[in-house]
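Work through these exercises with the model open. Each one pairs a task with a stepwise solution.

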Amino acid sequence: MKRTLGVTALACAGLLAATACSGGGSDSGGSSSGPVTVTVMTWESAETNAAIKKALADFKEDNITVQLLDTPAGNFGDKLASLTQAKKLPDLFWCGNDTEQQYTSQGLLVDWADKISTGDGDFKADKFVPSAMDNWKTADGQMGGLPSLMNTYGVWYNADAFTAAGLTLPKAGWTWDEMYADAAKLAGKNGAKYGLVADQLTSADGPFTMSMYSVSAGGAPFTDNVNHPTKAEADDKYKEGVEKLVAAIKNGSVAPPGYDASNVQSLFSAGKVPMTFGGQWLAAGFQTDKPKIKYGFAPFPQVQTPTTLYDSVGICTPQYTKNQDATFKVLEYLNTKVWDAVLPASPVAPPAYTPAQTSYFDALTKAQQSTVVDTVKADLSAEKTVGVRFTTQWAQQVGDLTTANYQPILSGKKPITDLPAYIDKINGLIKQGG
Amino acid sequence: MSRNAGSDVKAAYLFIAPAMIGFFVFVGYPLVRSFYLALTKYNGLTDPVFVGLGNFRRLFTTDPAFWPALRATGYLVVLYVPLSLILGLALAMFCNQRFAGVRVVRTLAYLPVVLPAIATITLWKFMLDPQVGLLNTVLDRVGLPQSLWLQSPKMAMPSVVLVMLWGVGGTMIIFLAALQSVPTELYEAARVDGAGPWAVFFRITLPMISPIVLLQVILQTTAALQTFNQPKILTGGGPGFSTNVLMLSIYNNGFPSLGRIPQLGYASAQVWVLFMIIIAVIALTAKFSSLWTYSDSTSD
């Protein structure tokens with residue numbers, strides 16, 4: 001009896017171990033000729049995941065089953081890190097451009113570069129937003145994933161507050177000086193402490209955002225390339241932009257570094273933030289929450305030339321995926337078909353695959369978000385674009401240098417003459433990190 | 001050795017085995033492993049590369065975040081430890097009185113300790129919001145100047161400490177136990193001698209509970225040096241580096257935000273620096289404790 005119990009326990013333990021090992025990873029796939037399960041993991045909300053799941057149910061391909069993993073939307077980074085370390089990444093997972101760059105450079109992701117340029121049909125590189133495709137290539141031309149959605153940025157404004165203050169509503173072509181002047185007039189009114197909350201200008205990524213000013217004025221960007229930088233730079237135009245921001249922070253028009261931007265969206269909806277830098281994805285939330293204020297979305301201000309930030313998120317595949325062909329088919333389906341089913345209900349972002357963008361713009365037009373449509377279109381066709389942040393492995397160290405040197409300059413605790421020393425330190429990192 | 005003694009030894013080993021295994025698996029091995037990782041460049045994705053003392057060199061010479069993290073940690077300790085001891089002792093003395101409802105007061109004072117920390121810290125974050133928070137609303141109503149609280153580099157750390165003091169009930173309960181163990185005869189004798197309340201406190205109460213004060217100094221200092229939840233939730237280390245304490249810096253290097261590659265080797269080096277600081281603080285506190293703690297030598 002004892003022996004039987006022992007054997008049964010061992011068998012159960014073996015079965016449990018086998019079950020545990022097969023969960024969540026590409027092990028659940030199979031040989032290229034047999035049935036294959038392709039696993040997908042997103043960072044989306046439960047509602048969006050439900051819409052994706054529904055759309056994936058229409059994927060019909062012999063021997064390929066798609067399984068959307070149930071993953072809480074929060075802490076995606078931690079989840080990704082632990083799955084990466086355990087070598088149990090799903091076959092397709094949502095990833096940022098920086099994750100793709102860093103993981104690809106570590107040899108962790110499959111390279112789709114050839115497949116996307118030489119494949120059959122319409123699913124080709126030239127159908128994607130060009131800046132996104134350029135940015136997803138590593139220094140040696142590899143692509144560990146494909147961009148799926150574009151992030152465009154601009155200025156959300158409270159139209160009621162502007163009208164009440166007798167100001168002209170922001171629109172394409174407005175200038176940085178106009179923006180700061182508006183912020184000064186809106187500050188301290190109707191429960192709004194600051195006229196403008198621009199986390200993108202004052203956070204650790206702020207120096208990159210400031211490139212919009214210098215590039216628009218005919219100067220140089222903060223860095224020549226976010227993926228493979230050779231130098232950082234703060235020329236006279238850049239310095240001029242910093243000086244204006246410092247002055248606006250000093251006179252209380254713009255929120256200083258350290259302002260907690262985590263609840264800006266709700267403060268904006270409540271009319272307590274009249275103007276804020278932000279991404280187009282806020283439109284989906286506003287569509288659901290319906291703020292009481294009348295709001296709009298304008299392109300970033302300019303000095304001379306329209307200039308904007310660019311960024312994209314995408315879908316990556318681990319290098320150890322069992323069946324690359326099957327995985328690529330699902331990847332293609334996600335990029336070409338799924339957004340048509342998901343974006344009408346939740347228009348978060350325009351797809352990077354341009355033929356799939358129609359449903360996004362139609363959804364926004366239907367929801368009467370015309371300023372969002374205009375601004376996103378203007379952003380996607382902007383003459384000049386600048387990167388959001390370094391995607392390098394030493395990006396964290398640049399962030400620390402920014403906190404120690406650049407943010408105190410913005411706060412007025414360090415003089416602007418310290419800017420070259422900060423740039424020198426970053427160039428030291430570039431030289432060291434390559 | 002008798003046969004029974006041999007089996008007793010075996011039984012003893014069997015009884016302590018789970019604890020020993022637990023110690024080696026969950027403390028011993030991670031300790032050795034983290035020291036090894038501190039000497040390597042390791043991202044958790046590819047194999048560690050031995051760099052000797054390179055991580056420590058970077059910490060002390062080029063990392064712009066390390067010295068501010070040490071300063072923030074030191075500031076937190078200096079601010080929090082005395083306040084928690086004074087407040088904890090004051091609360092304990094109050095709760096040591098005999099009055100109607102003392103049990104309710106004790107329960108209320110201890111309640112924050114048993115409430116989920118994350119939830120209470122998040123609530124405090126709402127209360128400290130400069131625009132819509134309860135604290136500024138109250139200050140505004142009574143005509144007092146408002147503060148930026150967590151968003152001001154000067155006020156951020158005091159605000160974090162304020163939230164930490166919310167859990168001072170734990171300190172109070174230990175002090176309360178200590179106060180109740182002071183022999184009542186001493187107080188009676190002091191009363192007969194005509195000693196006032198301050199004299200009683202400084203001549204009897206404080207010396208008698210001084211070993212517990214020493215224990216609390218060590219416990220609170222160690223806890224303060226390892227503070228993580230409050231700055232993580234309330235400020236994320238900002239504004240600037242003002243609340244970026246060592247534990248938070250370690251976490252951010254080991255488990256960075258989405259898209260960043262972990263620096264587990266570097267974070268391990270920071271862990272060892274913090275470990276050495278804690279050892280040094282405890283050793284120094286214990287070494288000089290005889291100067292201010294009371295010990296009844298006759299009881300030896």
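**Exercise 1: Inside a core**

Leaving aside its neighbours within four places in sequence, A:V330 is in contact (heavy atoms within 4.5 Å) with A:V38, A:V40, A:F59, A:I64, A:V66 and A:L92. This is a predicted model: local features need pLDDT of at least 70, side-chain atom pairs count only at pLDDT 80 or more, and totals for chains, interfaces and linings use all residues. Residues are numbered from 1 along each chain as its sequence is written, chains are lettered from A and ligands numbered from 1 in written order, and side-chain values use heavy atoms, without hydrogens and water.

Task: find which residues have the most contacts inside the largest nonpolar core.

Solution. 
1. Apply the rule: a nonpolar core is a set of buried Ala, Val, Leu, Ile, Met, Phe, Trp, Tyr and Cys residues joined through side-chain atoms within 4.5 Å. Buried means under 20% relative accessible area (1.4 Å probe, protein chains only).
2. The largest such core has 76 residues, and A:L146, A:V330 and A:L334 have the most contacts inside it.
3. Helix 14 of chain A (residues 324-342) gives the most to this core: nine residues.
4. A second, separate core has 57 residues, including B:A72 and B:V160.

Methods:
Buried means under 20% relative accessible area, exposed over 50%, partly exposed in between (1.4 Å probe, protein chains only). Helices (H or I, at least four residues) and strands (E, at least two) are DSSP runs, numbered from the N terminus.
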